[in-house]
Number of protein chains: 2
Amino acid sequence: MIPLLERLKKDILILDGSMGALLQGRGLPPGYAPDLWNLERPKDIQAVHAEYRAAGSDILLTNTFGASRRRLAEYQAEGRIREINHAGVELARRAAQGKAYIAGDIGPFGSTIAPFGDTTFEEAVGIFREQASILAEAGVDLIAIETMFDIQEMRAALIGVREGAPGVPIMAFMTYNADGITDSGSDPETVAAVLEGFSVEIMGLNCSVGPEAMLPVLERLGRATHTYLGIEPNAGLPVHRDGKTVYPLGASEMASFAPAFADAGANIVGGCCGTTPDYIRLISKILKGRPPRLRTPSPHTRIASRTRVVPIGAGAPFVLIGEKINPTGKKLFSEAIAEGRTDMIVAEARKEAAAGAHALDVNVGVPLVDEALMMEKAVIAIGNVVSTPLVIDSSFASALESGLRIYPGRALVNSVNAEDERLEEVLPLIRRYGASVIGLLSGDDIPEKAIDRMKNAEKILKAAERFGLSPRDIVFDTLALTVSAVQEASRQTLETIRLLKSEWNAHTVVGLSNVSFGLPMRKTVHDTFLAMAIGAGLDGAICDPYDPLLHQTVAAASLFSGRDPECRVFITKAESWTPLVPQGEKGAAAGSPAPGASPATPDRPLTTRERI
Amino acid sequence: MIPLLERLKKDILILDGSMGALLQGRGLPPGYAPDLWNLERPKDIQAVHAEYRAAGSDILLTNTFGASRRRLAEYQAEGRIREINHAGVELARRAAQGKAYIAGDIGPFGSTIAPFGDTTFEEAVGIFREQASILAEAGVDLIAIETMFDIQEMRAALIGVREGAPGVPIMAFMTYNADGITDSGSDPETVAAVLEGFSVEIMGLNCSVGPEAMLPVLERLGRATHTYLGIEPNAGLPVHRDGKTVYPLGASEMASFAPAFADAGANIVGGCCGTTPDYIRLISKILKGRPPRLRTPSPHTRIASRTRVVPIGAGAPFVLIGEKINPTGKKLFSEAIAEGRTDMIVAEARKEAAAGAHALDVNVGVPLVDEALMMEKAVIAIGNVVSTPLVIDSSFASALESGLRIYPGRALVNSVNAEDERLEEVLPLIRRYGASVIGLLSGDDIPEKAIDRMKNAEKILKAAERFGLSPRDIVFDTLALTVSAVQEASRQTLETIRLLKSEWNAHTVVGLSNVSFGLPMRKTVHDTFLAMAIGAGLDGAICDPYDPLLHQTVAAASLFSGRDPECRVFITKAESWTPLVPQGEKGAAAGSPAPGASPATPDRPLTTRERI
Ligand SMILES: [Zn+2]
Ligand SMILES: [Zn+2]
Ligand SMILES: [Zn+2]
């Protein structure tokens, strides 16, 4: 067989249906762990696989959905985890007879991760890692992570699987409610962003509410990501009838959705609870041999909280990253952090979010403070009050890691630069936690010329590639230097933005406030610089979100940078603005109009004819 | 002999000295026209030329300084203008014996041009044209226009000489007072800009205050222009001693300045009143065979009033062209113009100049008004109250011409576009009057894409070349279109600016106010656009100079575009500014600081180390 990922380029593949329903038919008692049958009733398991294979399944899910140490422990079977998973793979393989791919199936581990549950994130990672490593050893073609309700558990699973089964493709399915949101509050776009952070080979959705309600979620995923997509619906929402759980949708009703799935971009279609080989046979008949719909990759870097995604890049709204959660130069703020208090952090986060920041930089760097511990506390505390995605900002890798680990989204890390030591320390964290990173274009020194900053960008890019990251995982900080100190270097920042955009279509941010240091009228200086930088292609800025001029500048600059189609955002925002005037003045502008002068600008545009 | 202009590339050339002093020695009575001796005492004239030739002169000035129709009429000799000038050339040529270039000499025509005198500009042009045409016919190698005190008379002379002696190189010398200013108030930089408008082959200074005071003027010219330079000083300021006019500087004193002249960039050195072959012999000894100093051409377009020059281009201060002298949409203003009154124009000009406009657009287009007449009146009236250079703006070539003719500087014309008819109508006027022109990048339509606007720019450039203009005579208007109407086209304006700058190092302006038409917060929109455009390389804007935000934006953007070395201009201007706040607010910014928050920006810049 050709490798799965090659095959997916050409064909829509058919997954299998429910194992549980068929095993119950073969006598599996309610409440008994199906996974144990891999050892106790191997012929039944193999037979079910064979039925699905015969019905047209190109991929067979092993009977190991609950075969993690924690789930098996519920049946005192944790000691047989290795046998059970090996047997699961072997039985599927026998049934496949070389004509189907074997997906090692992994389900939720059975508890909740801290801070909401009592399993630590790393414990959860370890549970997933163990099962994945056994499945990989047994020789699966891919690993399926299924029926995840909690994005944080999915993250733990992805880290565990990548570590336990390196090089094995991952198919990652979340389960959504009828409103298109997971139990953890994540919408499809957010999930797509988080999963892309881990470079999952296939993402999708399974179980839950049935094909009709799942179709819109699939469609949203199809627009949100270029990753291969899979869908595995229940046969409708289960109902209880005569003391039994019944699924309302028949095989042909279910199969009638198959063309729509394909249109939405599905690459893999199967069935979940309530489906049988009959369902699969019909779906297979409709889709087999059909080429998948091509989807265009979005060029954006997407960062996400648990519930909100923010794209960064050309055409996306300009991203304001609030700089206020930072103790530098703030006495009370520093003291609060030193005392381990998050109250001021939380207050600032609320305020920045209310002021319109699209992401929040979180820096808790205070001397002698356990920054790793404080970062974890801060990330949790902020996540409880705002849904704005976070930028984890520390010079300590340990603090970056504790923040990334606990963060139930796709964070941006501030930052690496082109120094070897920093690259080797930080990039593995970005890879492990599926994050994205700001690549600061400094190295051993800060290059004056754009061309030398490009060399640092190239070094960062190559290092990122070496650690398994893609260019889309990096947002470059082009170094907005203090203009009053290094004027030409500051100007070269604009040229650097332009080069990164025109040569690589790379995404860029700058730390804005530094630019104006040492000058009067600082806001005027850095907001004007910001407009120039947006004109050069800048995608976001780390800045003071409380500055009203900044918001106006960004909205106006967005008009001329492809970030506000038909000026809609500007017009809407302007409704709540008043014109800016020199402080102390009540009227419009300095000076009174000359006799007979019109308002400052004519009431209609001059035509070209009038101007020539 | 190789052509003069070829020779100047390699060698400093020596001019002759005073003709008058030597002729007096040969019996020329005080008050008698020396030019008449070309016919009456030809041997004496030829002998003086021969003396200078023997002393080392590479260029001989013909004895025709006063041989214009108007000057000869003072001696009832206007009927012999042809003979006198022909003889003047012939006598110099005989003396030269093929070893010196013959410069047909032209001095002031003897009256003052309107509006200060009663000779019309075209009458003056005609007088110069007539003499130049005779000199050219007689076969001079170049024409020297000497001892001009009034820049407007120089303009008339240049137009006359170009028309009377097409293809003959021009050496144009003004005479400066001890303060480095001409009688008409023009400083060397302004004169250089005006003379460059006529592409004079050599410019410089003669007569007047002697070498010591003239050297700084030469040095300023050397920095202001890449045109070949000539200097021809008096032997010091004349004094009266024993009833005779005596020049205080001896030959060796005068000659001691020769090395400094060469260092300042002089290509041609001679002597004026009070100098004799002895002077020339010493100067020749010092400079002959010495290579001229190379000067780097300034890439700027320079526009000028009679007394002030404004450069346009990269590195020069950003140019604000006031848009207020324009009757469009202004009832009272239109009525004033319709009544032939200039009072409102003058008031607006004063106010725009006071508001900091660097140039003033002058548009007097009111239906049924004689626009040519009104333009002339407006240009004169404005020139009486402000020294700001003017932009002559009309859709009628007749109005452009009447404005250009009367304007004693180097105007910018608003505008041509890429339409054949307009190009053929306007470009000859630009050439004749030594003006510069805005090239609007529209043609039969307004191209959306930058690349298509570049095609219009190329068409304009080629047409300009055909009419004898250089790329430096053109400032392109990249068409700042209304963003709410044609958003992508408006964005392409920025790309057009970038292309013009990066591919041709061309100069660009936009008409700013149009951009924001139809949107709320118009100033925010067009000032933000302006910052973006300056970032893309924009050199100037036609705009509302009364908008305080605009001035702050321009000053701040100048920091990042190489237009304000060491931030000096910004810091100085900021002293008189107050921060901009939303209208109605007294305090700094919206929202009050969070507990423990520092001021909006930290008191010191974060180091790169702190940021990573
Ligand atoms: Zn299910
Ligand atoms: Zn299922
Ligand atoms: Zn003289």
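Predicted model: local features only at pLDDT ≥ 70, side-chain atom pairs only at ≥ 80, totals over all residues.

I'll go from the overall layout to the interface itself.

In chain A we have domain 1, covering 4-287, and domain 2, covering 318-410. Take the centres over C-alpha atoms, and domain 1 of chain A sits 36 Å from domain 2 of chain A. As for who takes part in the contact, domain 1 of chain A puts in ten residues and domain 2 of chain A puts in eight.

Now, how much area gets buried between domain 1 of chain A and domain 2 of chain A? About 750 Å², with carbon and sulfur atoms giving 57% of that. If you look at the domain 1 side of chain A, the residues losing the most area to domain 2 are Pro115(A), Gln152(A) and Arg155(A); together they make up 43% of what that side buries.

You can pick out a salt bridge between Glu122(A) and Arg405(A), where the closest N and O atoms are 3.0 Å apart.

Which elements give two or more residues to the domain 1 side that touches domain 2 in chain A? Those are α7 (121-138), α8 (151-164) and α9 (188-197) of chain A. And by residue type, that domain 1 side of chain A splits into six nonpolar, two polar and two charged.

Okay, that's my bit. Over to you.

Terms used. Residues numbered from 1 in each chain as written. Chains lettered and ligands numbered in written order. Heavy atoms only, no water. Domains from an automatic or database assignment. Contact = heavy atoms within 4.5 Å. Buried area = accessible area lost by both parts, 1.4 Å probe. Salt bridge = Lys/Arg side-chain N within 4 Å of Asp/Glu carboxyl O. Helix = DSSP H or I, 4+ residues; strand = E, 2+ residues; numbered from the N terminus. Nonpolar A, V, L, I, M, F, W, Y, C, P; charged D, E, K, R; others polar.
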